[in-house]
Amino acid sequence: SRELLVLTYGALVAQLCKDYEKDEDVNICLDRMGYGIGVRLIDDFLARSAVKKCRSYSETADMIAQVAFKMYLGVTPSVSCSSAAGNEFSLILDKNPLVDFVEELPAERASLCYCNLLCGVIRGALEMVHLAAEVTFLQDRLKGDAVTEIGITFLRKAEDRKHKRN
Amino acid sequence: VGHAVLAINGAEVNGRFTADGKDVLEFLGNPANYPVSIRFGRHRLSSNEKLMLASMFHSLFAIGSQLSPEVGSSGIEMLETDTFKLHCFQTLTGIKFVVLADPRQAGIDSLLRKIYEIYSDFALKNPFYSLEMPIRCELFDQNLKLALEVAEKAGPFGPGS
């Protein structure tokens, strides 16, 4: 049944490429769609996994990689912290089911972030638990890099959350 | 006593009349209609009352978690009175699920978690439901009703949290 998801995603991206000329527009669209999914998916994730609140960005990044990715895509990216401040993390995917049937990007679509939807999902989900973050693709196998790497940068300090609580 | 007639022979009752316009007292006064099964219960809150309750509780909840002597309090989980118990479950996304139940009713914690699942399935996954709006999803109502029935049947001796 994962095939249908992968094929549907492919069709979605293909259609967006027909609708928009510029790669950047397609990327933005994918990110926006992903955001809409993320703000809803987070509650499904929390309801089903019954995880406790994460106490640090590091725990949050681990949670995304080990529990959420596993639950929804069946893969477990590895996590590494890429800043001394402790608010930048990388998720390295060596297997990405969404690109199972994609060899490489066509020449005219060289700056397309094929899986940008995922970035939007992560960003939307984090926002709903009051964590502002920037999520982008740092490396992409489809573009010839060795691995696929998603970078998450948490924007606000965790302590600020206390004042934002409802 | 504060209880009202909620249903007769399975048909819902609204005030003095049933859903198909029959007068309840008339119906009950006619021996030809016996035997009859009547469901009593607390009066259902009107939408307005629900909104008032929710907004008052929301503020109380916020004040409660600030005032708490325990550091890092997660807010009001239960409010107990003589006639009812109010249970509240706040998700990590800030959504509060509030259940008003009989003080002796058990298994409310698992009910709250079940309601969270039902919400995330039938409300959130419905593409036509907008966040923060009243939930008018048929499937959500149906599944919620089922979950409530299960919890009610469990009664005072139901499974614990």
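The points below are grouped by topic, beginning with the basis of the model.

This is a predicted model, in which local features need pLDDT of at least 70 and side-chain atom pairs count only at pLDDT 80 or more, whereas totals for chains, interfaces and linings use all residues. Residues are numbered from 1 along each chain as its sequence is written, chains are lettered from A and ligands numbered from 1 in the order in which they are written, and side-chain values use heavy atoms, with hydrogens and water left out.

**Interface between the chains**

- Chain B places 24 residues in contact with 16 residues of chain A, contact meaning heavy atoms within 4.5 Å.
- About 1600 Å² is buried between chain B and chain A, and carbon and sulfur atoms give 52% of this; buried area is the accessible area (1.4 Å probe) that two parts lose on being put together, summed over both.
- On the chain B side, B:Leu92, B:Thr93 and B:Leu124 lose the most area to chain A, together 38% of what that side buries.
- Three salt bridges are counted between chain B and chain A, a salt bridge being a side-chain nitrogen of Lys or Arg within 4 Å of a carboxyl oxygen of Asp or Glu.
- One of them pairs B:Lys125 with A:Asp44 at 2.8 Å, N to O.
- A:Arg48 forms a salt bridge with B:Asp121, with the closest N and O atoms 2.5 Å apart.
- A:Arg48 belongs to helix α2 of chain A and B:Asp121 to helix α3 (residues 108–123) of chain B, so this pair joins two chains; helices (H or I, at least four residues) and strands (E, at least two) are DSSP runs, numbered from the N terminus.
- Through shared partners, salt bridges join A:Asp44, A:Arg48, B:Glu117, B:Asp121 and B:Lys125 into one network.

**Salt bridges within chain A**

- Over all chains, the whole structure has eight salt bridges.
- A:Asp23 and A:Arg109 meet through their side chains at 2.8 Å, N to O, in a salt bridge.
- That pair links helix α2 of chain A, which holds A:Asp23, with the loop between β2 (88–93) and α4, which holds A:Arg109, 86 residues apart.
- Both A:Asp23 and A:Arg109 are buried, where buried means under 20% relative accessible area, exposed over 50% and partly exposed in between (1.4 Å probe, protein chains only).
- A:Asp31 and A:Arg123 form a salt bridge at 2.7 Å, N to O.
- This pair connects helix α2 with helix α4 of chain A across 92 residues.
- A:Asp31 counts as buried at 16% relative accessibility, whereas A:Arg123 is partly exposed at 24%.

**Nonpolar core**

- The largest nonpolar core has 65 residues, of which A:Phe69, A:Ile150 and A:Ile152 touch the most other members; such a core is a set of buried Ala, Val, Leu, Ile, Met, Phe, Trp, Tyr and Cys residues joined through side-chain atoms within 4.5 Å.
- Leaving aside neighbours within four places in sequence, A:Ile150 is in contact with residues including A:Phe69, A:Phe89, A:Leu91 and A:Val135.

**Helix α2 of chain B**

- The buried residues of α2(B) are B:Phe57, B:Phe61 and B:Ser65.
- Viewed down the axis of α2(B), these buried residues fall within an arc of 55°, so they line one face of the helix; the arc is that of the directions from the helix axis to the C-beta atoms.
- β6 (85–90) and β7 (96–101) of chain B are included in what covers them.
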